[in-house]
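This briefing concerns a predicted model.

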Amino acid sequence: MIRTILLRLVMLVFVTFGVTVVTFTISRVIPGDPAELIEGPRATPTMIAELRAKLGLDAPLSQQYLDYVGGLLKGDFGVSITSQRPVLPELLGYLPATAELMFTALLISVVVGVSLGVLTAVKRDTWIDNVIRSFAVVGISTPSFWLALMLMLLFYGHLGWLPGSGRLHQGVLPPPSVTGFYLIDSILAGDWLAFRSAFNHLLLPAITLSLASIGTVIRLIRSSMIEVMSEDYIRTATAYGLSRPKIIFVYALRNALVPFVTVLGLELATLLFGSVVIESVFAWPGVGTYVLAAILNLDFPVIMGFTVLASVIYVLANLLVDLSYVLLDPRVRGAG
């Protein structure tokens, strides 16, 4: 396991380097001049030239890249062109809102997806199986932005059951920040008004973000469960008279979860980047909303900082996935 951790950490260095090269190249070849956007349409060429010099945009591309990488090694992600504040503190300030949304969506995906996946495998080739598989296909194929608008129109516009934007109702104060997660912080503070408000605001965007992942989990768990249920040890357990629930949930499901864990690491990345769209629809004050505004303003340091941070999170998530194999599959532990 130590060897696995070391290999992943080395991979983290190479992945981060590759991401910096790609994002820097893309950010410099797309049309548009950030200095012109900041100064506005009435800016003179002299004003634009002075701002470009101040931002370092007039230096050779090679020098700009070396300066950027040198800053990363020092923990400096650069300065936002629009806000003129350091990028990393701003990203970390928006990150708790995105993390709360992402992990809530992941929890919904795992609980609902695994439950329905097991059910459709047990009820294979029945009407229940057909209905759940159809739901999975619809969830995967439906565009998230359209689904978000439709759910907002239904539950906020017509029914009025759930709020349509933000993290708290107007007039409700945020709980004292401990984790940055409003649900956890409000429980720690005993502020149940803030908890109810945060929960109501979180529910609709989290469900929307989780639907595509639920479809993926259902299909994977179904196929894995069907394969495991045909193994000899399952037939042996059945012959010994073990109860059906014990066979399914103790023996079959644990082994069926091993390939699912691999996809779980990929789903974390999917939820992270998918939150950009969902946050823009629900006006969720997270990293997605921040980065989308940076894209519209050609704020290169913010775009590159987010991409680098996302790549680090992705590699670390896959490291945790590899380590979880030890808990799920004793053969991996024995091989180590």
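**Briefing: a residue, a helix pair and a cavity**

Leu 264 lies in helix α11, which covers residues 244-282. The model is predicted.

**Leu 264**

- Leu 264 counts as partly exposed because its relative accessibility is 22%, and buried would require a value under 20%.
- Leaving aside residues up to four places away in sequence, Leu 264 touches Leu 106 and Val 110.
- Between the C-alpha atoms of Leu 264 and Ile 234 there is a separation of 25 Å, the two residues being 30 apart along the chain.

**Helices α10 and α11**

- The axes of α10 (residues 232-239) and α11 come within 11 Å and cross at roughly 170°.
- Angles over 145 degrees count as roughly antiparallel, and α10 and α11 are therefore roughly antiparallel to each other.
- On the α10 side, the contact is made by Tyr 233, Ile 234, Ala 237 and Thr 238; α11 contributes Ile 247, Tyr 251, Ala 252 and Asn 255.

**Cavity**

- Leu 95, Leu 272, Val 287, Phe 306, Leu 309, Ala 310 and Ile 313 line the largest cavity.
- Helix α13 (residues 300-328) supplies the largest share of that lining, four residues.
- The lining of the largest cavity divides into seven nonpolar, no polar and no charged residues.

Terms used
Residues numbered from 1 in each chain as written. Predicted model: local features only at pLDDT ≥ 70, side-chain atom pairs only at ≥ 80, totals over all residues. Heavy atoms only, no water. Helix = DSSP H or I, 4+ residues; strand = E, 2+ residues; numbered from the N terminus. Buried < 20%, exposed > 50% of the residue type's maximum accessible area, 1.4 Å probe, protein only. Contact = heavy atoms within 4.5 Å. Axes fitted to C-alpha atoms, helices over the stretch in contact; angles between N-to-C directions. Parallel < 35°, antiparallel > 145°, perpendicular 65-115°, else oblique. 1 Å grid on protein atoms, 1.4 Å probe; cavity = no way out; pocket = protein on both sides within 12 Å on 5 of 7 lines; lining within 4 Å. Nonpolar A, V, L, I, M, F, W, Y, C, P; charged D, E, K, R; others polar.
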